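Q: I would like to learn how to read a model such as this one. Could we go through it feature by feature?

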Amino acid sequence: MLPVILRLFSWTPLLQLLLSGAAFFVLMVLITIRLLYAYGLTASLSSSAPHLTAEFIAGESKDETGLAALQQAFEQAESISAFSPFLKGTRTLKIESPAYVIGQYKFEAPVEITGIDLKRFPFAIPLEQAESLKNEALTTYTTKELAGQLMFSKRAVVVNEAMANLFAPRPGMAGEFIVWDRALEQLLAEVRIVAVLRDLLDTPRMLVGLPLARQLLGKAGVQGIHARVSDLQTLETVREALTRKVGGFARISSWRDGHHRQQKLFRVFEAIFWIITVAILVLAVVTGILGIYKVFVTKRRSLAILHLLGLSKSAFFVMLSGLNVCILAGGAGLAFAGFYLLSNSLHKQLVASFQTVLPIELPALEWTPFLFWNGGLFLTYTLLSLGFLGILLRAKLKLQ
Amino acid sequence: MLIRRNLPWNETHGYRIFGLRVGWWGWLCWLAVGSTWAAECPNISVLISGGSFPMGKETSVFQDTAPVHQVSLADFRIFQHEVTVTEFLAFANRQKLEFPFRKLLEEEARYKPCLPARGISWHLAQGYCQSRGGRLPTEAEWEYAATVNPRANHRKSLWPSGNEFPELYDGAMLEETEDEESEVESALALPSSFLNRDLVEVPQSFLGINGLHGMMGNVWEWVHDWYGPYVSVPQTNPQGPPEGFWKVLRGGSHQNVEHPALLDPTLRNQARPEQFFAHVGFRCAWSTL
């Protein structure tokens, strides 16, 4: 009986089934690419930036009541993992290293200074993304020690890579620096750079405690609250809830607002992706179904012989569905293997192309969504084919 | 002579034991004997009787020490001090281990063999303890050993020193002398009843309750548990979350002595188990069952 069954699939229908398997494979690759893009954009862009910012509409404020109301709203909001009152500004600074001859190591540039309230840990800007510099004992700090440095030492600051690259008398080492206002030639503060935050921005940034930020910027009060959410999928929901609560006196924005152009690009990519995906899905399903149908049309005689030999409908179903599932599983297996082998290089290339225009970092790839997406698709596709096979068997097996 | 009165190590091994002032030859002889003793610096395990204690702290800088929850522990044994460079290098040589801080440790082992082994990842630390038939102490065991004295009604103290933060060691506290010999003697006689700003050999590291050295300062210590939030329900011999991203570090290091909040024995520092830090070491523990 086995040679008869094998002969049954020796011609066109088998090729069509293989084609449907190949289409399924292409479909999975497309989904992989889409997921990689999605991760490259959603997970990484936010890794060193606050997800949500609530800013007082009236501007910088010393109003304790307003701040308390804002803090309370964030405390009660769901999915907020950290929040810190902040003060932000840009000032053209002249920074000198006292360990060198005055003027030898000098840095002059507009620096974006972000001061955050360090009383509450974790901070809205994740220190775990920062790389500790070596101290005098040639030791780097752990994340909590870094936090301790910022909390207890009034001079400790974290800078971004752009600033560290421009001003690094001793690369990789923490150091003391004197900060002046460039225009006024006024001494502002003495700081100690303890860590570098890899945010991939071109502009020099300095992350400091609130009192030091006030000293450096010559301001008082705070501008609002920076916050991070634990689940990025809930970002817009949290934002809406907060806007309802504090919208009267504060404006809530998310990190995505700052990347409209990139978001637009991503939406174009999404639209193209879905058009291609749907087209391939339709092609795959039609080819698959056609293949199964053709088995019955062209091989009706062989099926009839098998039937006469005593093969039941259920046995037919098991055989044909087994073959169908094997082809689909083969396609899925190939997709998984391809994903496993190519994910790193593909992922890196995709993110690298974005990194040329965007401040994003390379995130760790998560496998769970890939498994769920493709597992779900595999299941749907299999059930659909089996359903159709069942219908055909019922309708066409009245053989002579 | 405030220090001298608190120097059991010096009194036991010092060359002024008979009140005699010896010359260079005497000094060299003493140094040879002292070095031999120091090279060994045997790490005995101390039996800690089990019991129940409130683990954690409601208010702390990092807020992850709450909620305070009741923990019951069985008896266990724990090393009196951190594993030393000599001990760890012997293991590393046996296992032919290569790790980033190996050269530094080899250098230190030549001059100060009793310094705590540092720059050791969690995996290496666990491997060492397993080779000794033990394991890293759990977070609960570590906190219990550092703060609870089973012989004093299982009362929990704020610090391994009791309820007072220990005094910081200051070189100026030693007797000022123009005599070179006395100067050397003073330098060797670092007291273990003071916290030190520098990395010191394990017998000189801070001696706390339960006769354990270095439970605050000197180097952070890896513990067995993954980092995760505390639960409020009472627990018996907790092992921490089954999985996680960070492993817990306890005890603070010599770099943190200026900030008592970072030397809080309830403070939970964290690092990836594969990370190497020059101020992180470990000690081993054993269940007694």
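Q: Is Arg118(B) buried or exposed?
A: This is a predicted model, so every value here is computed from predicted coordinates. Residues under 20% relative accessible area count as buried. Arg118(B) has 10% relative accessibility, so this arginine counts as buried.

Q: Which side chain does Arg118(B) meet in a salt bridge?
A: Look for a Lys or Arg nitrogen within 4 Å of an Asp or Glu carboxyl oxygen. Arg118(B) pairs with Glu108(B), at 2.3 Å from N to O. Glu108(B) lies in helix 5 (residues 102-111) of chain B, while Arg118(B) sits in the loop between helix 5 and helix 6 (122-131), so the bridge ties together parts 10 residues apart in sequence. Glu108(B) is buried too, with a relative accessible area of 11%.

Q: Which parts of chain B does the pair of Arg250(B) and Glu139(B) tie together?
A: Start with the distance. The closest N and O atoms of Arg250(B) and Glu139(B) are 3.0 Å apart, and the two form a salt bridge. Then place each partner. Arg250(B) belongs to strand 9 (residues 247-250) and Glu139(B) to helix 7 (residues 139-147), so the bridge links parts 111 residues apart in sequence. Now check the cover. Arg250(B) is buried at 0% relative accessibility. Glu139(B) is buried at 2%. Finally, look for shared partners. Glu139(B), Glu143(B), Lys156(B), Arg250(B) and Arg268(B) are joined by salt bridges into one network.

Q: How many salt bridges are there over all chains?
A: A search of the whole structure gives 22. One of them, in chain A, joins Arg91(A) and Asp181(A), with the closest N and O atoms 2.5 Å apart. Arg91(A) is in strand 2 (residues 80-96) and Asp181(A) in strand 6 (residues 175-181), so this bridge connects parts 90 residues apart in sequence. Both residues are buried.

Q: What covers the buried residues of helix 4 of chain A?
A: Count the buried residues before you look for the cover. Helix 4 (residues 143-152) is mostly covered, with nine of its 10 residues buried. Among them are Leu146(A), Leu150(A) and Met151(A). The cover includes strand 4 (130-132), strand 5 (156-160), strand 7 (186-197) and strand 8 (205-209) of chain A. It also includes strand 7 (220-226) and strand 10 (269-271) of chain B.

Q: Which backbone angles deserve a second look?
A: Most residues other than glycine have a negative phi, and most peptide bonds are trans. Look for departures from both. A cis bond joins Phe121(A) and Pro122(A), with omega about 0 degrees. Pro122(A) lies in the loop between strand 3 (106-116) and strand 4 of chain A. Ala66(B) to Pro67(B) is also cis, with omega near 0 degrees. Pro67(B) falls in the loop between strand 2 (51-55) and strand 3 (69-73) of chain B.

Q: Where does Asn218(B) lie?
A: Asn218(B) lies in the loop between helix 8 (180-188) and strand 7 of chain B. Its phi is positive, near 60 degrees. Asn218(B) counts as buried, at 4% relative accessibility. Asn237(B) has a positive phi of about 40 degrees, and counts as partly exposed at 32%.

Definitions and conventions:
Residues are numbered from 1 along each chain as its sequence is written. Chains are lettered from A and ligands numbered from 1 in the order in which they are written. This is a predicted model: local features need pLDDT of at least 70, side-chain atom pairs count only at pLDDT 80 or more; totals for chains, interfaces and linings use all residues. Side-chain values use heavy atoms; hydrogens and water are left out. Buried means under 20% relative accessible area, exposed over 50%, partly exposed in between (1.4 Å probe, protein chains only). Helices (H or I, at least four residues) and strands (E, at least two) are DSSP runs, numbered from the N terminus. Contact means heavy atoms within 4.5 Å.
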